[in-house]
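Colleague: I am new to this structure and would like to learn how to read a pocket and a helix contact. Could you take me through them?

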Amino acid sequence: MTDTLVLGGGGVAGIAWITGLLTGLADAGRDVTAAEVIIGTSAGSTVAAQLGSGLSLEELYARQTVPELQAAEIKADVDLVNFGAQLAALLEGLTDPADVRRAVGRFALDATTVPEPERRAVIESRLPSHDWPARALRIVAVDAETGEPVVFGNDSGVSLVDAVTASCAVPGVWPPATIDGRRYIDGGIRSATNADYAAGAARVLVIAPLGGNELLGVEKPLAQAVEELRAGGAEVAVIEPDAASLAAAGANPLDPGTRTPAAEAGRAQGRTLTIEWSRA
């Protein structure tokens with residue numbers, strides 16, 4: 001039985017907010033980053049990898065708020081409302097989550113995006129270390145062709161950069177990531193947090209930049225996953241953005257300009273939080 005930290009998706013704003021939140025919690029004497037297992041999805045996979053880099057939270061926070069330290073990003077002009085509507089039209093009539101993932105995978109494979117090497121270079125610049133950490137790290141992605149979820153881990157034989165690139169491959173925005181001849185898309189297509197993969201842990205802290213919102217119909221919405229974790233005997237706590245953090249992320253959390261305000265809002269929120277653990 002272990003302590004598990006679950007970090008969900010939410011764009012570059014989500015990366016910044018999670019980093020700020022973790023730093024703020026540590027400021028208040030509630031550092032949660034020593035968890036034995038970290039599960040990362042999309043934005044959360046980036047932060048999970050960064051936490052294993054050897055840099056302190058203060059140093060990671062500076063990489064979100066100090067312009068000369070910020071990673072080189074590609075600005076994606078995405079209207080999430082219209083993007084959601086486009087996906088809803090694409091998926092009309094589909095009820096099986098696996099069918100949904102396959103349809104989204106086809107959409108991602110057919111989309112015109114920046115070249116794959118250019119996008120991978122962005123992920124490389126985000127990660128202070130390209131080596132898997134010593135502790136257990138699980139990064140969730142989805143096979144674009146089969147729709148099957150995959151969890152890349154320390155012993156998967158896949159490079160950390162490739163695993164994070166796959167988990168962050170937002171369909172229709174960024175190119176699917178190629179790993180050993182397969183193409184992979186954002187793990188958030190299965191679930192924004194994939195919190196159910198923490199089954200068996202003694203305590204689970206879920207940090208969800210998107211709250212309980214899911215763009216697609218998923219197998220395990222956050223509320224259901226939390227209920228099942230608690231029924232399995234785990235103590236679970238969930239942290240979602242407060243009003244100031246939501247405002248800082250804005251309408252386009254993929255905009256690199258959200259990084260500093262989102263990190264600052266996350267740190268302010270983390271300093272005031274009391275983590276409320278509960279079980280069934």
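Modeller: Start with the pocket idea: a pocket is an open set of grid points with protein on both sides within 12 Å along at least five of seven lines, and its lining residues have an atom within 4 Å of a point. Keep in mind that this is a predicted model.

Colleague: Which residues line the second largest pocket?

Modeller: The lining consists of Asp3, Thr4, Leu5, Arg30, Asp31, Val32, Ala34, Ala35, Arg203, Leu205, Ile275 and Trp277. Two elements, β1 (3-7) and β7 (203-207), each give two or more residues to that lining. The largest share, three residues, comes from β1. The space in this pocket is about 200 Å³.

Colleague: How many of the lining residues are nonpolar, polar and charged?

Modeller: Seven are nonpolar, one is polar and four are charged.

Colleague: Now the helices. At what angle do the axes of α1 and α10 cross?

Modeller: An angle under 35 degrees counts as roughly parallel. Here the axes of α1 (residues 11-27) and α10 (residues 259-272) cross at roughly 30 degrees and come within 6 Å. Therefore α1 is roughly parallel to α10. Their crossing is right-handed.

Colleague: Which residues of α1 and α10 meet?

Modeller: From α1, the residues include Val12, Ala13, Ala16, Trp17, Gly20 and Leu21. Among their partners in α10 are Arg259, Ala262, Ala263, Gly266 and Arg267. Taken over the whole contact of α1 with α10, the residues divide into eight nonpolar, six polar and four charged.

Conventions
Residues are numbered from 1 along each chain as its sequence is written. This is a predicted model: local features need pLDDT of at least 70, side-chain atom pairs count only at pLDDT 80 or more; totals for chains, interfaces and linings use all residues. Side-chain values use heavy atoms; hydrogens and water are left out. Axes are lines fitted to C-alpha atoms, for helices over the stretch in contact, and angles run from 0 to 180 degrees between N-to-C directions. Helices (H or I, at least four residues) and strands (E, at least two) are DSSP runs, numbered from the N terminus. Angles under 35 degrees count as roughly parallel, over 145 as roughly antiparallel, 65 to 115 as roughly perpendicular and the rest as oblique. A crossing is left-handed if the near helix is turned anticlockwise from the far one by less than a right angle, and right-handed if clockwise. Contact means heavy atoms within 4.5 Å. Ala, Val, Leu, Ile, Met, Phe, Trp, Tyr, Cys and Pro count as nonpolar, Asp, Glu, Lys and Arg as charged, and the others, Gly among them, as polar. On a 1 Å grid over the protein atoms alone, a cavity is a set of points where a 1.4 Å probe fits but cannot get out, and a pocket is an open set with protein on both sides within 12 Å along at least five of seven lines; lining residues have an atom within 4 Å of a point. Grid points are joined across faces, edges and corners, and a volume is the space filled by probe spheres set on the points.
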